[in-house]
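I opened my notebook on this one to look up its aromatic rings. Here is what I was working from.

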Amino acid sequence: MKILVTGASGFLGQRLVSVLRAQGHDVWGVTRRSRAAQSDYDLVLDDPLEPERYANIVGQNGIETTINALAAGVDPRERDIGLLVRVNSVFPALLAAAVASAGATNFIQIGSSAEYAPLQGKGYIPEEAPLTQDKLYGGTKAAGSVLLRTVAAEVGLRACVLRLFNIYGPGEKAHRLFPSLLGRLSRGERVPLSAGSQVRDFLYVDDACLAIARMIRALPENLPVAGVYNLASGRAVSVREFALAIADAIGADRQLLAFGELAMRPDDLPYIVADTRRLDDLIGPAASITIAMAVRSILGQPGGAG
C-alpha cells in the first residue's frame with residue numbers, strides 16, 4: 001500500500017515509517033528536518049502546515065492512506081497557543097480535506113490520552129469518556145479529533161483517531177522517564193524519582209506501530225471502522241513498578257531508584273489506564289512486548305542505553 005506519514009521525524013513517526021517499510025509498504029515520510037530523511041521517498045517541507053503540498057504528493061503518487069502524526073505541545077514547555085491551535089486543532093481537518101480531494105481514501109489521526117478529562121478515582125478510560133476543556137495540549141488535540149471526523153464524513157474519507165497513552169521506547173527525548181531510567185541505571189547512577197504511585201498504561205513503541213499497521217489494513221476492509229480507538233496496553237502499571245522492571249532487566253541495584261526524593265507535580269494525575277476493548281475486538285491486543293523484553297532489545301543495539 002502507498003502511505004503518507006506526517007511528523008515522520010518525531011518519536012513515533014520515525015519508528016512508524018521504519019516498521020511500515022519493513023512490511024513492504026511504499027511510505028512517503030514528511031519532515032521538517034533533512035537529517036531525519038531515511039530514503040528517497042522522504043520529503044522535507046519548510047512549512048509542514050500547507051495542506052495543498054500534501055495533496056500534490058498524494059495525487060502525483062496515487063497514495064491511498066494518510067497518517068497524521070504531526071503534533072505541537074507534546075513538550076510541556078511548548079505553549080504557543082496559536083501554534084497548538086493550528087497544528088493540533090485545524091491542520092488535521094484541512095489535511096483530510098486536501099488528501100481526499102487528491103484521491104486518498106483512508107486517514108488515521110494520531111491522538112492522545114491527554115484529550116480525556118481527568119478520571120475521578122480508578123477505572124479504565126473508554127473512548128466515550130468526557131474530553132478535557134481546561135488543558136491546552138489535550139484540549140487542542142481533542143478539538144482536532146472532533147473536527148477531523150466531521151470533515152472526513154463530509155468529504156467521504158474513511159478516518160479514525162487512535163488515542164495513544166504512554167508510549168515508550170528508543171527515540172524518546174532524553175528527559176523522558178524511560179530513557180532517563182535506562183541511561184542512568186546503565187551507568188550505575190542514582191535516579192531521583194517521585195514516590196512512583198502514579199498508575200499508567202505503558203506500551204512499547206514498536207507494538208504501537210504494529211497496531212497502526214493492522215489498522216491500515218482494517219480501514220479499507222471494514223466500513224464501520226471509522227471512529228475513535230484507544231491504542232494502549234490496557235494494563236495498569238505504577239511508575240514504581242515500571243522503574244523496578246527496568247532496573248531488574250538491566251541487572252541494576254534497585255537502591256539506585258530514589259523513590260520519594262522528588263515531589264509529585266501538581267498536574268500529575270494518579271490513574272490513567274485505557275479501556276482497549278474496542279480496538280482489541282477489531283485488530284487484536286496491541287501489547288506483545290514486555291518492559292524487560294524492550295530493555296533487552298534496546299541494550300542490544302549500538303548506543304542503546306544512551
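How many aromatic pairs does the count come to? Working on a predicted model, I get 8 aromatic pairs.

I began with Y168 and F202. Their ring centres are 6.4 Å apart and their planes stand at 80°, so I noted the pair as edge-to-face, since over 60 degrees counts as such. I then looked up where the two sit: Y168 is in strand β8 (residues 166-168) and F202 in strand β11 (residues 202-204), so this pair ties together parts 34 residues apart in sequence. Y168 and F202 are both buried.

Next I followed F202 to F242. Here the centres lie 3.9 Å apart with the planes at 10°, so I wrote this pair down as stacked. F202 belongs to strand β11 and F242 to helix α7, so the pair ties together parts 40 residues apart in sequence. For burial, I read a relative accessible area of 12% for F202 and 1% for F242. Stepping back, I found that ring pairs link Y168, F178, F202, Y204 and F242 into a cluster.

F242 took me on to α7 itself. The helix covers residues 239-250, and its 12 residues reach 17 Å from first C-alpha to last, close to the expected 16 Å. I listed its buried residues as V239, F242, A243, L244, I246 and A247. Just after α7, I noted a positive phi of about 85° at G251.

Last, I checked for charges over rings. The charged end of R240 sits over the ring of F259, 4.0 Å from its centre. I also found the charged end of R163 over the ring of Y116, 4.9 Å from its centre.

Key. Residues are numbered from 1 along each chain as its sequence is written. This is a predicted model: local features need pLDDT of at least 70, side-chain atom pairs count only at pLDDT 80 or more; totals for chains, interfaces and linings use all residues. Side-chain values use heavy atoms; hydrogens and water are left out. Helices (H or I, at least four residues) and strands (E, at least two) are DSSP runs, numbered from the N terminus. The expected span of a helix is 1.5 Å times one less than its number of residues. Buried means under 20% relative accessible area, exposed over 50%, partly exposed in between (1.4 Å probe, protein chains only). Rings of Phe, Tyr and Trp (its six-membered ring) pair if their centres lie within 6.5 Å; planes under 30 degrees apart count as stacked, over 60 as edge-to-face and the rest as tilted. A charge sits over a ring if NZ of Lys or CZ of Arg is within 6 Å of the ring centre and within 35 degrees of the ring normal.
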